[in-house]
Each structure stands twice: as structure tokens, then as C-alpha cells.
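Hi there,

Here is the structure I promised to pass on.

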Amino acid sequence: MRHIIIGMVLFAVFLGIVQDAKGQTTNTQVTGTSENDSLVYVAYRTVDKDDVSNAVSVLNPSDYLDKHYGTYPLDGTQAFIGGNNLWGMGDHLVLIDGVPRAIGDITASEIKQITFLKGANAVVLYGSRAANGVILITTKRGKTGKSRSEVRVNAGINMPKSYPKYLGSSEYMSYYNQALLNDGLEPLYADSLIDKYAAQSNPYRYPSADYYSSDHLRQMYNSYSANADFSGGNDRARFYVFAGFERNNSLLNFGEGKNENNMRLNLRGNIDLELNDYIDTWVNISTVFYDNRSANGDYWGNAATIHPHRFAPLIPTDLVQAGAEDAQVLIDASRHIIDGRYLLGGTQEYLTNPFADVYAAGYNTYTSRQLQYAAGFSADLRNALKGLSFSGQVGIDYSNHYTTSIDNTYAVYVPEWQSFAGTDSIANLTKFNKDSNTGTQNLSDTWNDQVIDFNMHFDYKNTFKEKHNVSGMLVAAGLMRRQTEDYQYRTNSNIGLQAAYNYANKYYADFSGAIVNSTKLPAETRIAFSPTLSLGWVLSEEDFMAGSKAIDRLKVSASVGIINTDLDLESYYLYDAVYSSNAWYSWSDGTYVSQATSIIRGANKNLTFAKRKEANLGVEGSFFDKMLSLKATVFMIKKDGIPVQSYTQYPGYFRSYWPETSFVPYTNFEANSHNGFDFQVKFNKKVGEVNLTLGAAGTYIATKALVRDELYADAYRNRTGKPVDAIFGLESEGLFMDQSDIENHAVQKFGEVKPGDIKYKDQNNDQVVDERDEIMIGRWGSPFTYGLNFTAEWKGLTLFALATGQMGGTGITTDDYYWVYGDRKYSDVVRNSWTEETKNTATYPRLTTLSGDNNFRYSDFWTYSANRFDLAKVQLTYSIPQRVLTKSFMKELNIYVSGANLLTISENSDIMELNIGTTPQTRFYNLGIKAVF
């Protein structure tokens with residue numbers, strides 16, 4: 001609270017300064033740029049864009065937000081820069097104004113610059129926590145000059161791409177009968193009953209419930225957003241204020257679903273004060289309010305599991321016989337008569353269902369609140385030493401979330417049908433459960449998070465004899481974090497040193513290192529030094545390139561480094577042995593057999609950091625009078641000393657499975673490599689009155705498991721030498737055609753095998769197919785990702801298009817929609833299942849009411865190529881001419897329409913665009929207006 005008060009006091013002081021200085025700024029014009037616009041924000045400092053290391057990429061949202069508007073900060077970055085995934089090293093660090101935060105804490109409109117710090121030399125000053133790369137986000141700030149106000153309003157619709165396709169009741173019954181026959185069992189459903197479900201003459205007696213019907217779902221749901229920012233100031237004080245609001249509803253169009261919505265409100269205020277010629281200070285305050293209201297239950301999850309024929313979700317009361325007194329009593333007593341004429345259907349087995357939950361189970365509200373505060377200062381120490389300065393910042397963040405709910409119970413009814421003269425009616429009702437609306441608000445899922453982050457650093461920057469540019473930094477940084485159920489703070493700290501030199505902005509050298517400290521490690525090994533070195537050479541400044549008409553600027557750079565990291569340590573105290581007290585019982589009512597202390601893992605006081613060892617080589621340049629620009633980096637990274645319990649390195653008796661014991665400690669054993677390249681290219685050309693821009697970016701990453709804890713008899717089973725994200729499974733050889741085919745094949749050890757089951761290859765030729773025949777069948781991630789962006793500007797019109805793609809990845813269809821067995825709900829994939837009649841054309845195994853262990857396991861039968869090309873965004877913007885706005889109070893007015901997630905081109909787009917058990921994927925169409933005052 002005291003930090004908020006300090007911030008409010010500073011804000012009040014700031015307002016006073018602005019009021020006092022108003023007369024000083026009336027003749028100053030805001031041009032939208034300043035000398036700082038050529039600077040790039042990197043670790044604890046800014047550098048000129050020409051001096052940036054090659055393993056750093058930069059985006060300024062102001063360059064593209066007007067033509068490519070969105071709220072998510074990283075929307076489309078894959079099409080602008082290479083290496084936007086930070087070379088696939090894992091969970092990366094996100095810093096907002098230098099403080100560790102989440103990417104969802106900010107919107108694109110608040111951001112001045114996004115810096116992607118990829119190389120070891122670029123991230124090392126942040127210490128161990130930055131070993132997987134850093135996304136550094138710098139927010140907007142006020143500028144000297146007249147005040148500026150900007151307002152945006154957007155309205156859009158989200159249209160579902162596709163819904164799951166499940167079989168109706170009659171078709172399900174037919175295929176389920178086929179599954180029974182395949183298992184050697186009698187059919188469950190008579191043909192006459194199937195015909196009645198197919199006729200749908202009485203959908204309440206013979207239901208075929210469709211939870212994806214337009215009777216219950218909207219064709220689209222709405223999204224609205226608005227934001228406004230205000231900025232201004234003078235030489236002594238500047239301010240920036242932002243307010244944003246977003247809201248959308250849901251696809252559910254009945255019951256509590258009509259009230260479902262998400263709302264987000266975020267506020268930000270940044271203040272800069274120049275206290276005197278030597279000291280500057282700043283305060284940043286941000287808060288985010290998020291609320292989500294939804295119906296109780298899991299509509300989309302249950303819709304994917306409940307069979308269409310089990311019961312009618314709604315029972316019409318007007319079909320209840322007038323003389324059915326007991327049923328009429330139940331109707332009169334019910335608290336949930338839907339639309340004045342329906343009872344909630346169900347059974348004793350199904351006391352809840354998706355429709356009834358939305359109508360009667362109540363609702364819940366998820367609430368999240370965040371307050372983020374940072375304050376800092378910088379002092380110019382030029383009187384002590386020319387070029388010396390000191391800066392410091394403290395960030396304090398509080399966040400919490402919780403769920404409140406109104407939890408109601410409700411009764412469901414099973415009708416007893418009678419037919420007379422061809423007319424169906426309900427003779428009686430059986431009630432299960434009871435109606436109970438207590439009105440009590442329940443609290444659950446409470447969670448709190450507190451972050452305290454600080455840094456302080458001495459900086460030195462000077463130029464000698466006009467060509468010798470020297471800079472350096474000594475930084476100390478630390479973080480304390482505590483979340484719900486934490487018994488102690490999670491801490492991270494490091495001391496960093498940076499020393500850089502460039503000669504005439506032609507030859508560059510940068511040494512950066514950090515002394516890191518981790519409380520996850522034993523005292524003997526918790527401190528380590530991480531050194532890095534970067535060199536650069538601007539070839540275009542050399543005499544042998546002087547006068548070149550093709551090359552404007554060409555720079556090559558190289559970097560090496562080692563970063564010690566504790567990110568791979570899953571928790572604290574892994575270096576300690578863990579013991580537990582156990583008791584074993586006999587079968588005779590809890591009689592003790594024995595009691596003992598067992599060990600879960602051994603101790604290792606030599607456990608230390610994993611190491612990221614890296615070398616990279618880069619090139620960047622512009623050509624043909626800046627018509628073409630290029631930036632590319634080749635990187636080679638080895639992640640060494642990853643801590644695991646390496647069981648194969650110890651005798652077998654160090655471990656037992658029952659009782660579960662292990663003397664094996666964590667050791668720095670495993671290793672991976674990440675090698676690849678990234679690039680970004682931009683082409684500009686004016687054709688007549690049309691300005692054209694075409695950009696492309698891509699990243700290729702080849703990962704390899706270098707060392708693994710494994711001991712396989714067959715080399716093809718080794719994970720070593722394979723991609724880190726390799727998928728292992730069996731290699732399929734089609735479906736068994738008949739019993740003879742089974743008898744002439746190796747024995748498959750996954751349960752009973754029948755004609756129509758998947759046939760697997762016996763890799764080791766031992767005439768048995770089991771887990772020892774598993775090979776690499778794909779990799780989860782796509783090694784190559786890329787993007788394209790295109791802009792055409794003609795007078796006040798701007799057309800923008802953005803596309804993204806990926807190549808080389810693998811997907812597996814493993815959820816219940818594709819793995820259909822037992823009593824699961826049947827999707828349309830079963831229509832291609834194997835039978836004696838379809839054996840030559842079937843693409844799906846035989847249906848079974850049993851476990852299907854042979855078929856439903858990882859194998860290449862279920863894999864598919866994840867290659868895709870997405871038209872991710874198209875936007876058309878019209879800027880009202882200045883001559884129209886001359887006499888208005890507006891300086892700019894833009895109107896734009898856009899579409900997002902418009903098209904996926906892939907041989908497996910039907911799989912990729914389908915969500916099972918969750919809200920469907922959507923295409924988004926938006927209309928927006930931006931005004932500047």
C-alpha cells in the first residue's frame with residue numbers, strides 16, 4: 001500500500017509541474033518521433049539500432065499496428081522476425097519494463113517496443129532465469145510537446161470453423177451392434193428399435209440429441225473492445241495513460257449460457273520526472289481486472305461424451321397424460337420448468353447433462369486482479385567521472401484470482417411412455433435427485449502471487465578521440481516470489497558485468513558475464529560464472545566496399561558463451577536425500593506385516609547448474625538504397641548437464657518397485673543440442689503511386705538428444721541421436737485381412753487380435769510384437785516455421801495480409817473422437833471401419849466394445865503431417881485525408897475492417913481446425929475506428 005501512496009504523491013507532484021510549465025510547451029510540436037526512436041532496448045540499457053547484436057530482433061508495434069491491429073502483443077510476429085520462438089529452448093522469460101510478468105498482462109496498444117533477446121550474449125546479464133531467451137517489452141511513455149490522445153473502438157464477430165460430427169442415435173446403434181458382432185457377442189439393439197430412432201417421429205421417446213445444433217448455439221458470438229491513451233509533458237515532466245476494455249459473450253444461446261461473458265479492463269500510467277540536471281525518476285503503475293462468468297458444468301466436454309440416445313434432455317409436459325396424477329404432482333413441484341413446458345431429462349445414471357447444467361446448475365464467476373508497480377531513478381555522475389551514471393528500479397506485483405459460484409442441484413425425470421392409436425403419451429414420471437437453489441455463494445480456487453524484483457547498475461559510456469567508443473555496466477539484480485502454498489520465497493539473483501568497445505562504429509567487441517546464484521542447489525555449487533563474448537564487423541565501412549551501389553550497409557557478427565541455469569531443476573532440495581516411513585499390511589484387516597523407513601532418492605552435494613553452451617554467426621544488411629533488408633543468424637547450442645535420476649548408471653539393486661525405493665540421486669547427466677538458423681527479409685518498392693512492402697521470416701531448429709538415461713538392446717529404440725521431441729510408437733502395416741493373415745504374422749502382445757485389427761511391424765525379427773518394437777514415428781514440434789507479410793498503400797488505402805506456416809511436425813489423433821472403443825460416443829470416423837464387406841477399402845480398425853488395446857496405442861497408423869499454411873490476417877484500412885480533417889478537432893481518423901484465422905491450407909486441415917471437448921476454433925471479423933486528437 002505504501003508504494004501506491006508514493007506513486008500517487010509523485011503523480012500529484014507531476015501534475016503540479018505540468019501546470020507550472022504549461023506556458024513553456026505551447027510552441028513545441030509533437031512530431032511522433034524523437035531522438036530515442038532509433039534506440040533499441042536490451043538488457044538494462046538502450047543501444048543504437050546499428051550497434052545491436054545480431055542475435056537480437058526488434059519490433060515496434062507503432063510501425064504496423066494501424067494496418068495490423070490486434071490486442072495480443074505477439075500476434076503475427078512469426079511473419080515479421082526470425083527466431084520469434086527464441087530458438088525453441090523452452091519456457092522463456094517475459095519482462096515488461098524490466099519486471100518479470102506474463103505476456104497476457106499487456107496489450108499491443110500499450111507497447112513501444114518488443115525486443116527478442118535470443119543469443120547468450122544478449123541475455124546473460126539477466127542471469128540464470130534468462131537461459132531460454134527473453135522477450136523484453138517496453139511500454140510507451142510521454143513525450144515533450146503538445147498532449148496527444150488516441151482512441152480506438154472495435155466490434156467483431158467470431159464464427160466457428162467446425163464442430164465435431166457424431167453419429168445420430170440410429171446410426172450409433174447400428175455400428176455398436178457391429179462392434180458386438182466383431183467381439184463375438186449378440187447385437188444389443190433390435191432393427192425395429194433402430195428404425196424408430198431413425199424415423200424420429202417422437203424425438204422425446206426416441207431421442208437423437210445433438211449438442212451442436214443451431215437450436216442451442218449461436219451462429220457467432222460477439223467481441224467488443226475499446227482503448228484510449230493520453231500522453232504529453234514538457235522537459236521536466238511527461239506522462240502516459242492508457243485504458244483498455246474488452247468484452248465477448250459465448251456461443252451458448254439458452255439458459256445461463258446467454259449470460260456468459262468475458263470482461264477485461266486494464267489501466268496503465270507511466271510518469272517521468274526530471275528532478276534536476278542530474279537526477280531523473282519514473283513511476284509505472286498498471287492494473288488488470290478480469291472477470292469470466294460461465295454456466296456451471298462442462299458443456300463442451302460433456303457434449304463430446306454423452307451418447308445421443310441415452311435420454312431426451314428436455315421432456316414436454318404437454319405430453320403427460322391428464323390423468324397421470326403422480327406425474328402432475330411432480331410437474332407442479334418442479335422448480336425448473338423450461339420455457340414453461342419442459343422438464344429436465346436424464347436417468348439414474350445420468351443425473352446431469354450439458355443442457356440441464358446450463359439451465360439449472362447455476363453459474364460461476366472467475367475473478368482475477370493484478371496490480372503492478374515499478375519505480376526507479378537514474379543519476380548522472382558526470383561530475384565524478386564523465387560518462388558515468390547510476391540507475392535502479394524496484395518492481396512490486398500483486399495478483400490473485402478466485403472463483404465464486406452459485407451451485408444448484410436439480411431433479412431429472414425419466415418418462416414412462418404409452419402408445420394408443422398411434423399416439424405417444426407419458427403415463428408416469430420417475431424423479432431422480434432434487435431441486436435445491438440455496439442462493440449461497442461459494443468461494444474456491446483462491447490463489448495469490450507476489451513478486452518483488454529489483455535491479456541497480458552503474459553504467460559508463462564515453463568516446464575517446466571521436467572513434468573509440470567505450471561502454472560498460474556493473475549490475476546487481478534479484479527477485480523474490482511467493483505464491484499460495486509456498487512455504488518460502490522463490491528467489492533468483494545475479495551480478496552482471498558488461499564491457500563493450502567499438503572503433504568508429506565499424507569493429508565491435510562485447511564481453512558480458514554474470515555471477516549467478518541459485519538456492520535450488522547445495523551451498524557448495526550454487527554460485528557460478530557465465531561468460532559470453534560477441535564480435536562484430538561492419539564490412540560496408542571498409543574501403544574495398546566504398547562506392548558500392550548495391551550495398552548500403554553490411555555487418556557480420558559472431559558470439560560465443562556459456563550460461564549456467566537452474567531452469568531445469570524441477571524443484572528445490574533435489575540434492576538432498578528423501579526418506580519416508582512406510583508400513584505394509586497383510587490381507588487380514590490391517591494387520592501390520594512390517595514397518596520401515598525407505599529412501600526415495602539419494603543425495604548429491606555436487607549437483608550443479610545445467611549449462612547452455614552456444615556459438616552463433618550472423619549477418620545483417622540493407623541493399624539497393626534500402627529497397628532490400630536482410631538479417632540472418634546461424635546458431636549452435638548445446639544444453640549440457642541437465643539434472644535427472646540416471647538409473648542406468650547405477651546397479652539395479654539401487655532401486656526397487658515394491659516397496660518403491662531408490663538410492664539413485666539427481667546428477668547432471670543428460671544433454672541436448674539445438675542447431676539451426678533464422679532469417680528475416682524485407683523488400684520495399686514503389687510502383688507508380690502504390691507503395692509495396694513484402695516481408696518474410698523463418699526459423700529452422702534441429703534438436704537432438706545427445707545423452708539419455710537409457711539402456712536398450714536395440715539401437716532403434718534409443719532416444720539418443722533423435723530429436724528432443726521425438727514421438728515413439730509402433731510401425732503399422734495396415735489391417736489384418738483374415739485369421740490366416742494373423743497366424744502368419746509375428747505374435748502381437750497387446751491383447752486378443754482379430755481380423756480388422758492393426759498389424760504392426762516386428763522390428764527385431766523375434767516373432768513377437770511388443771514395446772521393444774517401438775521406433776521413432778514423428779516429432780511433436782515443426783522444425784521449420786515461417787511467415788509472410790504484405791502491404792500495399794495507395795493514397796489513403798492500405799491493404800495488409802499476413803500468413804504463417806510450419807513444416808516437419810507430426811500430430812497424433814489420440815482423443816476419444818478418434819480412438820473409439822468400449823462404450824465411447826461414436827464419431828463419423830467409424831463409418832470407414834473394417835468389416836468383412838469393407839475389408840478392402842476400410843481405413844479404420846474393426847469396432848470393438850472391449851478395450852481395443854492392440855489398436856489404440858501410439859503408432860504411425862494415427863499420425864498425420866502437421867504441415868500447414870495459414871492466412872492469418874487480412875486488413876483494409878482507410879485513412880481520412882488531412883484536407884477533410886483540417887477544420888475538425890481530429891488530427892487523424894482511420895477506419896478499418898479485418899479478418900483473422902481465415903484459411904488453413906493443409907492436407908489435414910479438417911483435423912487441425914477441429915476442437916474436441918472445448919470451445920470451437922473461430923474466424924474473426926472486425927470493424928474498427930481509430931481517432932487521434
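This is a predicted model: local features need pLDDT of at least 70, side-chain atom pairs count only at pLDDT 80 or more; totals for chains, interfaces and linings use all residues.

Residues are numbered from 1 along each chain as its sequence is written, and side-chain values use heavy atoms, with hydrogens and water left out.

Strand S4 covers residues 93-96 (strands are DSSP runs of E, at least two residues, and helices runs of H or I, at least four, numbered from the N terminus). Leu93 and Leu95 point one way from S4, Val94 and Ile96 the other, and all are buried (under 20% relative accessible area, 1.4 Å probe, protein chains only). S4 runs parallel to S7 (residues 134-139), joined by four bridges; strands pair if DSSP finds at least two bridges between them. Leu95 has Leu136 as its bridge partner in S7. With S5 (residues 99-100), S4 runs antiparallel through two bridges, and Ile96 stands opposite Val99. Two residues lie between the strands of this hairpin, where Asp97 takes a positive phi near 55°.

Now the cores, meaning sets of buried Ala, Val, Leu, Ile, Met, Phe, Trp, Tyr and Cys residues joined through side-chain atoms within 4.5 Å. The largest has 58 residues, and Tyr211, Tyr299 and Tyr826 touch the most other members. Helix H3 (169-182) is one of the elements that each supply at least two residues of this core; its share, five residues, is the largest.

Best wishes

Notes: Buried means under 20% relative accessible area, exposed over 50%, partly exposed in between (1.4 Å probe, protein chains only).
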